[in-house]
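Please examine the following protein chain. The questions below concern its overall form and one of its residues.

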Amino acid sequence: MADTWDLLVQGGWLFDGTGAAPRQADVGITNGRIVAISEAPLPASNAARVLPAQGLWVTPGFIDIHTHYDAELLLAPGLHESVRHGVTTCFIGSCSISMIYCEAEDASDIFTRVESIPREYVLPVLQQKKTWHDAQGYIDYLSQLPLGPNIASYIGHSDLRTAVMGLARAVDPSEAPTEQEMQQMEQLLDDGIARGLLGMSGMTNPWDKVDGDRYRSSALPSVYARWSEYRRLHKLLRQRGAILQSAPNLNNPINSVFYLFTSASLALRRRLKTTLITLMDAKAKPGLDQLMSAVTQLFNRWLGAAFRWQALPQPFQVYADGIDFIIFEEFPAGEVALHLKRDFDRNKLFASPAYRAKFKADYRRKWGGRVWHRDFGDAHVIGCPDSSLVGKTIRQIANERGDHEVNTFLDLIIDYGRSLRWSTLIANHNPERVRINLNKDCAIIGFSDAGAHLRNMAFYNFGLCLLQMAVQERPVMSAEKAVWRLTGEIADWYGIDAGKIALGARADLVLLDPQALKHASLDAYAEAPFEELGGLPRVVNRSDGVVKATIINGQIAFEHDQPAPELGWVRKFGEFIRRRHEP
């Protein structure tokens, strides 16, 4: 036990991230590591700073396993919208999109439309700052940034494909990598894993589109890969004990079964840790979450799979400005509209009777791949220049006008464009189903999508949402289990140095008030300007009074509902985290 400490967290209820019951203890921190844990009081006089934590919970920092902070790291690396809610480690490079290997314009084009980040900001910053073209160069760049949370990264399959084949060939369905190109992709993937990256992220869902003018509206490059290509890259991941993260083809749910077999050892080979998005009770697909979790548990128990569905512990409420939202990519009429950049061209399209007929046909079609339940009776206007429309559903407005709801929706966009702001609840609308999914062994808590869809959704506070569900009158699980699911379970599954309060561990801690947590309105709508994106008002979460402090590598990065005032967001808190290699 050290004689002196840089920071002493005193008298809190300690949840160590293992699932053990909490105990009252002091925690001493020196040089970014936990060097003392004592149920007997430690002398405050031996600490450079003392954080009183009496009556508070002291937990490991939360781990966000699914973000798209790749661009925001270049603009505002403090990532304070996550840190303020207790997140101390974020994973980037998700869904086949990393910014490691390909050129700046290609990296921008495979990122910005999919993740709804303005290209006019992302492309210039990539052209200015992207000097790296390999994994070590990327790690070195991230390591010198004034990071807020710790960062771990996947290698994106679309990034690999684009860097090796060129974007033109990578999005051409008639093209396949040559044997030499395939070997180059394997070499780049192997090098990234050797340097501590998590593994590879993929994407097989064709709704995610390329931005820019060159190959606009092509699907992401990884969507065009053939199964032979997937198998070779997955084989390498399996041999190296790395992680596969991906998204299934929502037009063909059988695609998910391929991933289950990919993960399974089948008593013949090493299993492949695989995680897909997402285990949610979707209005568009009632019961699918129950089916997939049952099948997954069978594969995990009997066929040697190591498969986890990412699960979100809160309602999947989304927002849209006019037609600018990714859900419209899932059917042809919406895709045609989003392909157009200019409002003039869009409005001309929306006024066309032929287009309206096509939109109605797509809107009525309830079978096939879809995430949006396509119900304008469940779409509420929350902002409009005509204040008389606010609070009404699109269907209510249509009934008042005596018109079809699709016609009314398109008329409203013609009249108000992006000033028509509306919202709908897509999934996790049934609390009992959410409760069941969160307790599934095949679930892993995550899928915040932080750093993406800035005007469409905000789940930065997912960790607090789960903990709040654990302190309700009918708790979804015990508080210690909830903390474990957000911290130690994730760290152990991914093999990273995080998620535990133990001697010698990284000093990433959260101090939170359980009484404030119990009564907080975590689902309240809020916006905040993103200054680095021209003041764009992004949807955020606010939980003031709940998180008392977020400590990252022994430094107080957030306190009293504000960034640490003497530090701001220019000092480095986080580090690049390398994944431990499995034997």
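Q: What percentage of the 583 residues of the chain count as buried?
A: This is a predicted model, in which local features need pLDDT of at least 70, side-chain atom pairs count only at pLDDT 80 or more, and totals for chains, interfaces and linings use all residues. Residues are numbered from 1 along each chain as its sequence is written, and side-chain values use heavy atoms, with hydrogens and water left out. Buried means under 20% relative accessible area, with exposed over 50% and partly exposed in between (1.4 Å probe, protein chains only). Of the 583 residues, the share that counts as buried is 62%.

Q: Where in the secondary structure does Asp449 lie?
A: Helices (H or I, at least four residues) and strands (E, at least two) are DSSP runs, numbered from the N terminus. In total, the chain has 22 helices and 23 strands. Asp449 lies in the loop between β17 (443–445) and α19 (462–469).

Q: Which residues does Asp449 touch, not counting residues up to four places away in sequence?
A: A contact means heavy atoms within 4.5 Å. With residues up to four places away in sequence not counted, Asp449 touches His66, Thr67, His68 and Met457.

Q: Which side chain of opposite charge is nearest to Asp449?
A: Lys and Arg count as positive and Asp and Glu as negative, while His and the chain ends are not counted. A salt bridge requires a side-chain nitrogen of Lys or Arg within 4 Å of a carboxyl oxygen of Asp or Glu. Asp449 is buried yet has no salt bridge. At 12 Å away, the nearest side chain of opposite charge is Arg538.
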